[in-house]
Amino acid sequence: MKINGTHYRTIWPDADNPKIIRIIDQRHLPHRFVIEDLRTVDDFAAAIQEMHVRGAGLIGATAGFGMYSAVLAAPHDRVDSFLQQAAEKLIATRPTATNLAWAVQRQLAALTTEATLEAKREKAFAIACEIADEDAEFCRRLGEHGLEIIKEIAAKKNGEPVNILTHCNAGWLAFVDYGSATAPIYAAHREGIDVHVWVDETRPWLQGAKLTAWELSKEGVAHTLIADNTGGHLMQHGQIDMVIVGTDRTTYTGDVANKIGTYLKALAAKDNNIPFYVALPSSTFDWQITDGVKEIPIEERSGNEVKYVTGITAEGKTETVLIAPEETRAANYGFDVTPSRLITGLITERGVTAAHKEAILALYPEHR
Ligand code: MRU
């Protein structure tokens, strides 16, 4: 996507030295645009864990390049055990997004077929780039499929804007490019369809306020930031035509894990007869588990992310302030699971499908 006229992806190899991988450090957005260089497996693990990068697709792409950095550092006499350790370190950083383990396993599987360390290095770079390119391409394609849904709604609105609610950031910052929930929105905007996005601020990390609002501003898409609990009220008053969110892990039976609070939006959408769509590239499907609520691991992060808020002062200085009694304990569940029965459809790179096992497997027969 473009920032002030320049095209960026969220992760890319340095043009002069491809052993250095560059990312946008998202902790500083929307106030500062900071690019960070990653060199070692520890750099990659910290970048994922401390959320310099975040969002399921980008976590996967970062892990893919993280495995490349592991192969670069691997000693000749114990390549396999070194790579195994690196894989475990990367996978342990964040438990919910399935793209992380998927990317690491894809690297490990490809690397076992190469005999020499030199060949493994070349292969690891090629696979990391392939994962990143595929992520961008799949998001572009799912945007085309989601566009058809927005067009249908727009046709019924007689020139009035299509109002779309989204939660968290499932934008291009959460992937390599385009985004999942935002890809149909950007496609509609480019086609001249009048879209307006209600952006949930998304406590406690504020991905909506800090990232989605920034992305939409840069793309010139009309949007309004709302406090997290506003969606139900807007739905009751006919101000939301559809909901599109992303997902960190979706079971092949159609249960969707996404940022905490997504489930409540899905319940409100059901009560108000508003279509609730989830957009995802196939790398986010978990083909092993059937019951999302029981089986998807939910990340718990530090309670300090709930008790403290970071922003900039009138003088432009970044500051973190305490907003609760210091002695109060805070719980911080990162994600919740929306059961398939609340979901109107899944927007994938292969098309739109119902959120249930038979429909999903019909679209991805290789996983039967
Ligand atoms: O904690 P985050 O910022 O990594 O969570 C991101 C989300 O929940 C997104 O909605 C999700 O990754 C879907 S889009 C990749």
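1. Pro30 is placed in the loop between β4 (21–24) and β5 (35–38); helices (H or I, at least four residues) and strands (E, at least two) are DSSP runs, numbered from the N terminus. The peptide bond that joins Leu29 and Pro30 is cis, with omega at about 5°. Please keep in mind that this is a predicted model, where local features need pLDDT of at least 70, side-chain atom pairs count only at pLDDT 80 or more, and totals for chains, interfaces and linings use all residues. Residues are numbered from 1 along each chain as its sequence is written, and side-chain values use heavy atoms, leaving out hydrogens and water.

2. A cis bond also runs from Arg203 to Pro204, with omega near 0°. Look for Pro204 in the loop between β7 (195–200) and α7 (207–219).

3. Asn158 deserves a glance too: this residue is not a glycine, yet its phi is positive, about 50°. Asn158 belongs to the loop between α5 (117–155) and β6 (162–166).

4. Polar contacts are N or O pairs within 3.5 Å. Arg94 places a polar side-chain atom 2.8 Å from a ligand oxygen, and an N or O atom in the side chain of Gln207 is 2.8 Å from an oxygen of the ligand. For Asp248, a polar side-chain atom lies 2.9 Å from a ligand oxygen. Taken alone the ligand exposes 400 Å², and the protein buries 100% of that (Shrake-Rupley, 1.4 Å probe).

5. The ligand sits in the largest cavity, meaning that more than half of its atoms lie within 2 Å of the cavity's grid points; on a 1 Å grid, a cavity is where a 1.4 Å probe fits but cannot get out.

Conventions: A polar contact is a pair of N or O atoms within 3.5 Å; within protein, one must be able to donate a hydrogen and the other to accept it, and residues adjacent in sequence count only if both atoms are side-chain atoms. On a 1 Å grid over the protein atoms alone, a cavity is a set of points where a 1.4 Å probe fits but cannot get out, and a pocket is an open set with protein on both sides within 12 Å along at least five of seven lines; lining residues have an atom within 4 Å of a point.
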